[in-house]
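Biologist: Before we use the labels, I would like to hear what each one rests on. Please show the model first.

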Amino acid sequence: MKLLEDRIRSDGDVLPGNVLKINSFLNHQVDPKLMKKVGEEFSHLFKDSGITKVLTCEASGIAPGVMTAYELHVPLVFARKKKPATLNDAVYWADVYSYTKKVTNQICVEQKFLHKGERLLIIDDFLANGEAVKGMINIANQAETEVAGVGIVVAKTFQGGSEWLKNHGYRLEALAEIASLANNQVHFVGEK
């Protein structure tokens, strides 16, 4: 998605440790017009997949997730990183290691929001090693739902998560695919 790649080039910062900071439009401040375009693109890509719900993880997955759910006319469910006191014990749990924060979080979804046989579209902001997506797949499996696809706003293809998903038979659609962050610059897949 050229619009997204252009924003990454103009507003993104490459940090040590293969970290791409895109706080100005997705991870801290959200550009709603860009997220609307992201939602439209994911909706177009998955329109014939029989999606019944979109699943994402708080917090940065919510903006692209809600716009995608809106365009697909389905509900959005997001996994929480901490169980609030108002949540009962009927939850699905998964451990997720955060590449950027270097911590393991337990994510959870209340069981009443995922039902056996539903077709889920997992949406997330970044894909590096794939830990967040693996956690959401774990939750989807616990709920006996089917993962119809995975939509990622920015995939760092050199870190293994993309390969893992494809090797495990999941349909992956990434709107911006980064081949490397060599020399503190973003290099997209297919660039010359």
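Modeller: This is a predicted model, and what follows takes its labels in turn.

Biologist: What makes Leu4, Arg7 and Ile8 of helix 1 buried?

Modeller: Buried means under 20% relative accessible area. Leu4, Arg7 and Ile8 in helix 1 (residues 2-11) are buried, so each falls under that cut-off.

Biologist: How do you know that they lie on the same side of helix 1?

Modeller: They cover an arc of only 100° around the axis, so they share one side of helix 1. The face turned away from that buried side carries Lys2 and Ser10, which are exposed. Among the elements covering the buried residues are strand 2, helix 2 and helix 3 (32-46).

Biologist: What does Leu20 touch?

Modeller: Leaving out residues up to four places away in sequence, the contacts of Leu20 include Ile8, Phe126, Val154 and Val186.

Biologist: How many residues line the largest pocket, and which lie nearest its centre?

Modeller: The lining has 29 residues, with Ser98, Thr100, Lys101, Asp125 and Phe126 nearest the centre. They divide into 12 nonpolar, 9 polar and 8 charged. Strand 7 gives the most to the lining, with 4 residues. The space in this pocket is about 750 Å³.

Note on methods:
Residues are numbered from 1 along each chain as its sequence is written. This is a predicted model: local features need pLDDT of at least 70, side-chain atom pairs count only at pLDDT 80 or more; totals for chains, interfaces and linings use all residues. Side-chain values use heavy atoms; hydrogens and water are left out. On a 1 Å grid over the protein atoms alone, a cavity is a set of points where a 1.4 Å probe fits but cannot get out, and a pocket is an open set with protein on both sides within 12 Å along at least five of seven lines; lining residues have an atom within 4 Å of a point. Grid points are joined across faces, edges and corners, and a volume is the space filled by probe spheres set on the points. Helices (H or I, at least four residues) and strands (E, at least two) are DSSP runs, numbered from the N terminus. Ala, Val, Leu, Ile, Met, Phe, Trp, Tyr, Cys and Pro count as nonpolar, Asp, Glu, Lys and Arg as charged, and the others, Gly among them, as polar. Buried means under 20% relative accessible area, exposed over 50%, partly exposed in between (1.4 Å probe, protein chains only). The arc is that of the directions from the helix axis to the C-beta atoms. Contact means heavy atoms within 4.5 Å.
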